[in-house]
Amino acid sequence: MESEQLDDLIRQYIEPNPHRPGAADARLREYGVSVWALIGYLQGVCGDVSSTAVAYDVPVEAGEAARAYYERHREIIDARIAANAA
């Protein structure tokens with residue numbers, strides 16, 4: 001997918017969490033699922049976006065948007081996942 005398409009997906013599906021500002025706590029618009037939670041699950045299922053979408057009852061495109069957002073904020077989201085695992 002091209003960068004412009006990924007930007008559009010992110011704009012369509014990802015929003016800041018009004019209760020927890022910052023890139024680490026961004027969430028899916030209309031679903032309220034944190035990007036870090038989706039990414040943690042996605043890592044556990046070897047990157048299978050379809051399985052992740054089914055598990056969280058969200059569109060596959062929303063999973064793709066979360067993955068694209070993660071690629072742009074990898075370090076901070078990885079730190080959030082690690083903090084939750086501790």
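Q: Why is E30 called exposed?
A: In this predicted model, E30 has a relative accessible area of 74%.

Q: Where is E30 found, and what is its phi?
A: Look in the loop between strand 2 (27-28) and helix 2. The phi of E30 is positive, about 75 degrees, although E30 is not a glycine.

Q: What makes S34 count as buried?
A: S34 comes in at 17% relative accessibility. Buried means under 20%, so S34 counts as buried. S34 is found in the loop between strand 2 and helix 2, and it touches A26 and R27, leaving aside residues up to four places away in sequence.

Q: Why is P59 called partly exposed?
A: P59 has a relative accessible area of 27%. Buried would need under 20% and exposed over 50%, so P59 falls in between.

Q: What does P59 touch, not counting residues up to four places away in sequence?
A: Y13, Y31 and A53. P59 itself is found in the loop between helix 3 and helix 4. P59 and Y31 are 28 residues apart in sequence, and their C-alpha atoms are 9.9 Å apart in space.

Q: Why are helix 1 and helix 4 called roughly perpendicular?
A: The axes of helix 1 (residues 3-13) and helix 4 (residues 60-72) cross at roughly 110 degrees. Angles of 65 to 115 degrees count as roughly perpendicular, so this pair qualifies. The two axes come within 8 Å.

Q: Which residues make the contact of helix 1 with helix 4?
A: From helix 1 the list is S3, L6, D7, L9, I10, Q12 and Y13. Helix 4 brings E61, A62, E64, A65, A68, Y69 and R72. By type, the residues of the contact split into eight nonpolar, two polar and four charged.

Q: What puts the buried residues of helix 1 on the same side?
A: The buried residues here are L9, I10 and Y13. They cover an arc of only 100 degrees around the axis, so they sit on the same side of helix 1. E4 and R11, on the other side of helix 1, are exposed.

Q: What covers the buried residues of helix 1?
A: The cover includes strand 1 (14-15), strand 2 and helix 4.

Q: How do you know that the span of helix 5 agrees with what it should be?
A: Helix 5 (residues 74-85) has 12 residues, and at 1.5 Å a residue they should span 16 Å. The expected span uses one less than the number of residues. The end C-alpha atoms of helix 5 are 16 Å apart, so the two values agree.

Q: Which residues of helix 5 are buried, and what puts them on the same side?
A: I77, R80 and I81 are buried. Their arc around the axis is only 95 degrees, which puts them on the same side of helix 5. As background, an α-helix has 3.6 residues a turn, so residues three or four places apart point the same way.

Q: What do the buried residues of helix 5 pack against?
A: They pack against helix 2 (35-44) and helix 4.

Conventions: Residues numbered from 1 in each chain as written. Predicted model: local features only at pLDDT ≥ 70, side-chain atom pairs only at ≥ 80, totals over all residues. Heavy atoms only, no water. Axes fitted to C-alpha atoms, helices over the stretch in contact; angles between N-to-C directions. Helix = DSSP H or I, 4+ residues; strand = E, 2+ residues; numbered from the N terminus. Parallel < 35°, antiparallel > 145°, perpendicular 65-115°, else oblique. Contact = heavy atoms within 4.5 Å. Nonpolar A, V, L, I, M, F, W, Y, C, P; charged D, E, K, R; others polar. Buried < 20%, exposed > 50% of the residue type's maximum accessible area, 1.4 Å probe, protein only. Arc of directions from axis to C-beta.
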